[in-house]
Amino acid sequence: MPRERGVVNTWNGEKQFGFVSVTNGKADAFLHSENVRDRDLRDEVKKKGFKRGDKIRFDLEPPETGRGKMVAVNIELEGWKGGRSVSRSRSPRRSPSPRRSRSRRRSPSHRRSPTPRRSRRSPTPRRPVRSRNKNSRSASRGGSDSRSPRRRR
């Protein structure tokens, strides 16, 4: 089969697998870190994983079980230079901007107005909670010992 190209769309770092969108319009394919061709890249993928948007080249094979998605094998990261990758960041590279001092004060027009303070009221006093124990009620009505069973009349 000819080499395919695709873009990584998901990657599970714990289980070391993900899925790639094939650029020629075929269905998504399954990819696993063990199917990476270069040993150094395989080690890096096991540590850091693929990132969404990484462009890769691979061969497609049917799954061993005969069902499920096609499997990407002989995976190569486009731009990989044997030992280090060419900018794997998600955002385009920017030139460094001059750093500003953090202690720089803003002009008075940028200051926020103080937030109004709310007056705190004291919480409402709570009523005492009544006990719902039947034995304690009977004792308060002049009954016998609260431990003895209550007699019916």
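View 1. Residues are numbered from 1 along each chain as its sequence is written, and side-chain values use heavy atoms, with hydrogens and water left out. In this predicted model, local features need pLDDT of at least 70 and side-chain atom pairs count only at pLDDT 80 or more, whereas totals for chains, interfaces and linings use all residues. Rings of Phe, Tyr and Trp (its six-membered ring) pair if their centres lie within 6.5 Å; planes under 30 degrees apart count as stacked, over 60 as edge-to-face and the rest as tilted. By this rule, there are four aromatic pairs.

**View 2. The edge-to-face pair of Trp 11 and Phe 50.** The ring centres of Trp 11 and Phe 50 are 5.2 Å apart, with 85° between the planes. Trp 11 belongs to strand β1 (residues 4–12) and Phe 50 to the loop between α1 (39–48) and β4 (55–61), so the pair ties together parts that are 39 residues apart in sequence. Helices (H or I, at least four residues) and strands (E, at least two) are DSSP runs, numbered from the N terminus. Trp 11 is buried at 19% relative accessibility, and Phe 50 is buried at 4%. Buried denotes under 20% relative accessible area, exposed over 50%, and partly exposed in between (1.4 Å probe, protein chains only).

**View 3. The stacked pair of Phe 17 and Phe 30.** Here the centres lie 5.6 Å apart, with 25° between the planes. Because Phe 17 lies in strand β2 (residues 17–22) and Phe 30 in strand β3 (residues 29–32), the pair ties together parts that are 13 residues apart in sequence. Phe 17 is partly exposed at 23%, as is Phe 30 at 25%.

**View 4. An aromatic cluster.** Phe 17, Phe 19 and Phe 30 together form one aromatic cluster.
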